[in-house]
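Thanks for making the time. I will go through one structure this morning, starting with a single chain and then turning to the interface.

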Amino acid sequence: MSDNGQGESEAKWPRAVRLLEANADSLRSRILAQCILREMSPRRFHAEYGGGTLPKIRQAFELLVQYGWLELTRTEGEGGEPEQVERFYVGTEFPVFDHGTLDELPDATQALVAGVVVEVLHSRSREALKAGTMSRSRDRHLTCTPVELDEQGWNELISRVDSVFHWLLEEFDAAKQRIAESGEEPIPVTVGLLAFESPPRPVKPR
Amino acid sequence: MKDRRHVLDVPYTLRLAKLLADELRIKIVTELNLREMSPKSFYDQFGGGSISRVSRAFDLLIEYGWLRLTRTETGGRRRGAVEHFYVANHPAVFYDETWAPLPMSMKQMISGGIFEEFAGRVRAAMEADTIDARDDRHFSWVPLLLDQEGWDNAIARVDALFHWLFEEQEEANLRMAESGEEPIPMTVGLAAFESPKDTEKQP
């Protein structure tokens, strides 16, 4: 763990604050996502994904380092011009909001987090449609389903959604190992899971 | 997993086309996946133009296998008329063979529509303060790199969760009918799709 590592940040910042910072805008979410998949520098991210100016990208990287989401792995070009120095980072973990963490946040912020997740998913689906990856022969899943459950059903649903999410992270690790052994070309995948209480049913519209 | 598409000798694509041609029909199937309703009770709760328009939409959905009759009732305020109650046979889902041949513009429209629906539901829940009314809810998204086996497993898990929702809805309806417990309206959004290897530059 580096000096800016997760352990120190965990002690310095409540997890809810760290999560909030990681998800405060879609650029940070995108940087963290890419750094979880592979080592990345601000310059490389900017060259491959854009996201505004290079200083803006660097600022976002620095903030993610400060809050323990990114860890420095190596530096290239040391000894040369300061602007030529390239720092590479990896993501320390997925920014998962679990029940306890969400409860630490003010109500208004909890709602904001949901908005950010939907916005990021929408943006990624647009990219997938534009690139044609959503229309290939591979399966895909995209559903928005209203349900009306009792307390028992709600508890079971949340438990199942949580379980699928944590299973995905395990599957990610297992797939990394299989890919390392087989040399199979990895498939970039986006998965989003949301379950929340809706307002009561609308009254009769005009 | 039980495939509930084959309720008629009508191609599923045609059934989907009939359903998607009218927003009212989509709304009816969505609501009748949750509970039993008659054209009159649907109209009383959600409108839909006129009772005759709603009845015609119900008739078409029955003809194309989206709805099935559960019971009839007479008496009371019906003044001799018979009220027919229905439930949806299954949710409207694009399966691989129905999704793949669609033109790109239609895929974009459908996917965009789902996310708009999603965003609208999040906004409504934020405005009504229900989004954080409960201690437990789930908001997450993850980018993953998977092999084919991992992808197959992931899609199977997400699909299974989606289909389980409807089984659980049926069981919850039975439990609530016995206990009188008030239903909790919820929105469940599930997304799993292949992302581009190199995301296009954003401004």
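Chain A has 206 residues, and 40% of them are buried. Keep in mind throughout that this is a predicted model.

On to secondary structure. Chain A contains 8 helices and 4 strands. Along the sequence the order is α-α-α-α-α-β-β-α-α-β-α-β. As for contacts, if we take those in chain A with a separation of 6 or more, 62% are between residues 24 or more positions apart.

Now the interface. How many residues of chain A are in contact with chain B? The count is 88, and they meet 83 residues of chain B. Several elements of chain A each supply at least two residues to that side: helix 3 (26–37), helix 4 (42–49), helix 6 (99–104), helix 7 (107–131), strand 3 (141–149), helix 8 (151–182) and strand 4 (187–197). Which of them gives the most? That is helix 8 of chain A, with 20 residues. Sorted by class, the side of chain A that touches chain B has 47 nonpolar residues, 23 charged and 18 polar.

A word on interface size in general. It is often quoted as the accessible area lost when the parts come together. What I have given you here is the residue count, 88 on chain A and 83 on chain B.

Last, the strand pairing across the two chains. Strand 4 of chain A and strand 4 of chain B, residues 184–194, run antiparallel and are joined by 9 bridges. To pick out one position, A:Phe196 has B:Thr187, in strand 4 of chain B, as its bridge partner.

That is what I have; questions are welcome.

Methods
Residues are numbered from 1 along each chain as its sequence is written. Chains are lettered from A and ligands numbered from 1 in the order in which they are written. This is a predicted model: local features need pLDDT of at least 70, side-chain atom pairs count only at pLDDT 80 or more; totals for chains, interfaces and linings use all residues. A residue is buried if 20 or more other C-beta atoms lie within 10 Å of its own, exposed if 12 or fewer, and partly exposed in between; C-beta atoms are placed from the backbone. Two residues are in contact if their C-beta atoms, placed from the backbone, lie within 7 Å. Ala, Val, Leu, Ile, Met, Phe, Trp, Tyr, Cys and Pro count as nonpolar, Asp, Glu, Lys and Arg as charged, and the others, Gly among them, as polar. Two strands pair if DSSP finds at least two bridges between them.
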